[in-house]
There are 2 protein chains.
Amino acid sequence: MPPTKVKSAEPTAAPKRQHKADAKAATHPHVKPRPLTRIQREKQDVILEAALEVFSVHGFRGATIDQIAEVAGMSKPNLLYYFPRKEEIHRRLMAALLETWLAPLQEMDADGDPFPEIRSYIRRKLEMARDFPRESRLFANEMLQGAPRIIEMIEVDLKNLVDEKAKVMLGWMDEGKLARTDPYHLIFSIWATTQHYADFDVQVRAVLGPDRGGEGRFEDAARYLEQLFLHGLTPRPKG
Amino acid sequence: MPPTKVKSAEPTAAPKRQHKADAKAATHPHVKPRPLTRIQREKQDVILEAALEVFSVHGFRGATIDQIAEVAGMSKPNLLYYFPRKEEIHRRLMAALLETWLAPLQEMDADGDPFPEIRSYIRRKLEMARDFPRESRLFANEMLQGAPRIIEMIEVDLKNLVDEKAKVMLGWMDEGKLARTDPYHLIFSIWATTQHYADFDVQVRAVLGPDRGGEGRFEDAARYLEQLFLHGLTPRPKG
DNA sequence: CGGAATTTTGACCAGTTGGAAAAATGTTAG
DNA sequence: CTAACATTTTTCCAACTGGTCAAAATTCCG
């Protein structure tokens, strides 16, 4: 299993109730907060890791601080010393997640050829589903709830990125290198098919059964998806 | 908006604290429970509808009886008169959901030709995503949590159905009517791409923007998916 | 109508939840 | 070492949670 993954992004609000100078500083936007101590960084990471575990399964409302604290191996008040409230933990997770989430699509290169580009985009997304299923589920959970906590990021950052890449694809279509179709729905279908292996993992495993449900399923999925996106399901004379 | 959808399946445990004869009957498996009154049927439906609304957004743990009762327009104790506990409501929803869920795949006809069959399967699933997004999200929520409450149904009923249809597809492939590929992942990709429009609706709408995010998105999706599953993304000489 | 059965309400309860306060215990720079 | 700071624990709280119970209100049916 890969390391914690969701890294600490953001300037990070310092722990509450620091000494008076800092408390004052908090009200004074020009003073930069004292840098985090080693313990602060470590503990925050432990907490975020635990929170990822819990939020990704139960969603925001369904997760409890107690639960997260237990997974993190500390007491609830101790956890609340590092993150003054539940929302704060979730916010941090989502902010880090979004970055991770956009990265693979960002890498799609307008100067490359469509099929290698799309193929490796699919591979990267599939690898993320395999290596970071909890992140995928956290994201899915937020979506199911109507994305109340990240809707602006979706509407701005994500939309801009997709708009940009859609244009790239339209360019490829104009050059005759890619079938003329709807680039937005094309991107949706890549998201859907790849994230499915993280979000619906139980189902995938149950349906494939014990023999085919092992780690090999990701390779099978990769092969299948490559064929789907390349040629669809129309039989072709082999050669 | 379509009608309540998730219909009342299952023999339905009668309300608690009925008169003594019935209370006795409950312990005596041979006596059939008194049939439901009109009010019981109506109120149960109202409750299930409200529960669908709430569970589909917040998941099992995140949803509260109070919340459901409020949406249902009744007091919590009143609701608990019809469903003695939270799990009971959820169980009923899931049981009805599973039936609805399997239906479209069941309709896939081994004697038909693959492309019409697959095409109309995709259409039906897409229509379900459009008309019953809450059911889709309820299902997705359960999956994200590891399907604790329906895992056996997935492992038995769903698996059997998929196994059966996978064989049908293999038959088509043997006849050369369908590209030789993995039928299980093929089915997964249909589920993923269609349900995406219900489960990730916010994202889809946000990315498409106000102009393209209207109801027309389902038609666009249908067109795109048809092309994807038929020919993939390889450009073809038009004719 | 009138009595029996059903439905609804209001008061209540024990356990959980997110969080605050402060005391107790480290840790570290001078 | 010790004062200043950082961390942890203990105690506590009000709001919320799932659920009970008896009494009141309503509906049903002969």
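Copies of a chain are superposed here by least squares on the C-alpha atoms of residues with pLDDT of at least 70 in both. The structure is a predicted model, in which local features need pLDDT of at least 70 and side-chain atom pairs count only at pLDDT 80 or more, while totals for chains, interfaces and linings use all residues. Residues are numbered from 1 along each chain as its sequence is written, and chains are lettered from A and ligands numbered from 1 in the order in which they are written.

Under that superposition, chain B is brought onto chain A by a rotation of 180° with 0.0 Å of shift along its axis, at an RMSD of 0.0 Å, which is the relation of a two-fold axis. The two copies use the same surface, in that 100% of the contact residues of chain B recur in chain A, two residues being in contact if their C-beta atoms, placed from the backbone, lie within 7 Å.

Between the two chains, 56 residues of chain B are in contact with 56 residues of chain A. On the side of chain B that touches chain A, at least two residues each are supplied by α2 (38-62), α7 (133-144), α8 (151-174), α9 (183-199), α10 (201-212) and α11 (216-231) of chain B, where helices (H or I, at least four residues) and strands (E, at least two) are DSSP runs numbered from the N terminus. The largest share of this side, nine residues, comes from α9(B). By class, the side of chain B that touches chain A comprises 29 nonpolar, 18 polar and nine charged residues; in this scheme Ala, Val, Leu, Ile, Met, Phe, Trp, Tyr, Cys and Pro count as nonpolar, Asp, Glu, Lys and Arg as charged, and the others, Gly among them, as polar.

A:Thr193 belongs to helix α9 (residues 183-199) of chain A. Apart from neighbours within four places in sequence, A:Thr193 is in contact with A:Leu225, B:Ser189, B:Ala192 and B:Thr193.

Within chain B, helix α5 (residues 86-106) packs with α8(B) at an angle of about 10°, their axes lying 10 Å apart; axes are lines fitted to C-alpha atoms, for helices over the stretch in contact, and angles run from 0 to 180 degrees between N-to-C directions. α5(B) is therefore roughly parallel to α8(B), a term for angles under 35 degrees, with those over 145 counted as roughly antiparallel, 65 to 115 as roughly perpendicular and the rest as oblique. To this contact α5(B) contributes B:Leu98, B:Leu102, B:Leu105 and B:Gln106, and α8(B) contributes B:Met153, B:Asp157, B:Leu158, B:Leu161 and B:Lys165.

In the loop between α7 (133-144) and α8 (151-174) of chain A lies A:Ala147, which has a positive phi of about 55° although it is not a glycine. A:Ala147 is buried, with 21 other C-beta atoms within 10 Å.

Around DNA strand C there are 22 residues, of which A:Thr64, A:Ile65, A:Arg85, B:Ile39 and B:Pro77 come nearest, a residue being near a strand if its C-beta atom, placed from the backbone, lies within 6 Å of it. Two or more residues each are given to this surface by α3 (65-72) and α4 (76-82) of chain A and by α2 and α4 (76-82) of chain B. The surface near DNA strand C divides into nine nonpolar, seven polar and six charged residues.

Notes
A residue is buried if 20 or more other C-beta atoms lie within 10 Å of its own, exposed if 12 or fewer, and partly exposed in between; C-beta atoms are placed from the backbone.
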